[in-house]
Amino acid sequence: MDAKLSEAMTKFGFSAAIKWSGGDEAKFEAGVGSWADQSKSCVFGKGKGQPGRVLESGAYEWCSNVQNLPGDKFTRLDLSKSAGIKTVFNVAVNGGVVELASTEEKAEDKSVVDAVKAMF
């Protein structure tokens, strides 16, 4: 799984990638990068946090700069600020959610979302 996550990071220019397991909550399954390392202890119930909302909706969410969001909208706000993470997107995939994060601000790109979904 780490190899697939690394491939997605490199191909699309992101700094970190996480695979969240599915089920009743999004739990850390695998990850690459310091953002992933810092997110290992996080768990998101369905509808809670970006991974949990995507798990529940089966769709995707893209935020070009999470540092502009209030803490109740993005639960890892302090973590993102300390890690320098700006763009975060989550996409529902078979068996869970894939999250990519970047220290650069990136405009939403549906072709990237579709390509990541197809990879997993």
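**A strand inside a predicted protein**

Visitor: How many of the six residues of E1 are buried?

Guide: Six of the six residues of E1 are buried, so this strand is largely enclosed by the rest of the structure. Buried means under 20% relative accessible area, while exposed is over 50% and partly exposed lies in between, using a 1.4 Å probe and protein chains only. The strand label comes from DSSP runs, in which helices (H or I) need at least four residues and strands (E) at least two, numbered from the N terminus.

Visitor: What kind of model is this, and how are residues numbered?

Guide: This is a predicted model, in which local features need pLDDT of at least 70 and side-chain atom pairs count only at pLDDT 80 or more, whereas totals for chains, interfaces and linings use all residues. Residues are numbered from 1 along each chain as its sequence is written, and side-chain values use heavy atoms, with hydrogens and water left out.

Visitor: Back to E1, which way do its residues point?

Guide: Ala16, Ile18 and Trp20 point one way from E1, while Ala17, Lys19 and Ser21 point the other way, and all are buried. In a regular strand the side chains alternate between the two faces of the sheet.

Visitor: Which strands are joined to E1 by bridges?

Guide: Six bridges join E1 to E6, a strand of residues 96-102 that runs antiparallel to E1, and five bridges join E1 to E2, residues 25-32, again antiparallel. Two strands are said to pair if DSSP finds at least two bridges between them.

Visitor: What sits in the hairpin of E1 and E2?

Guide: Three residues lie between the two strands of that hairpin, and Gly23 there takes a positive phi near 100°.

Visitor: Why does Ser21 count as buried?

Guide: Ser21 counts as buried because its relative accessibility is 18%. Ser21 belongs to strand E1, residues 16-21, and, not counting residues up to four places away in sequence, it touches Ala26, Lys27, Glu29, Leu55, Gly95 and Gly96. A contact means heavy atoms within 4.5 Å.

Visitor: New topic: where is Phe44, and is it buried or exposed?

Guide: Phe44 is found in strand E3, residues 43-45, and it counts as buried because its relative accessibility is 5%. Leaving aside neighbours within four places in sequence, its contacts include Trp20, Gly49, Pro51 and Gly52.

Visitor: Which residues of H3 are buried, and what do they pack against?

Guide: In helix H3, residues 49-57, the buried ones are Gly49, Gln50, Pro51, Gly52, Val54 and Leu55. The buried residues of H3 pack against E1, E2, E3, E4 (60-63), E5 (87-93) and E6. Gly58 follows H3 and has a positive phi, near 75°.

Visitor: And the whole protein, what is in it?

Guide: The protein has five helices and six strands, which run α-β-β-α-β-α-β-α-β-β-α from the N terminus on. Of its 120 residues, 47% count as buried.
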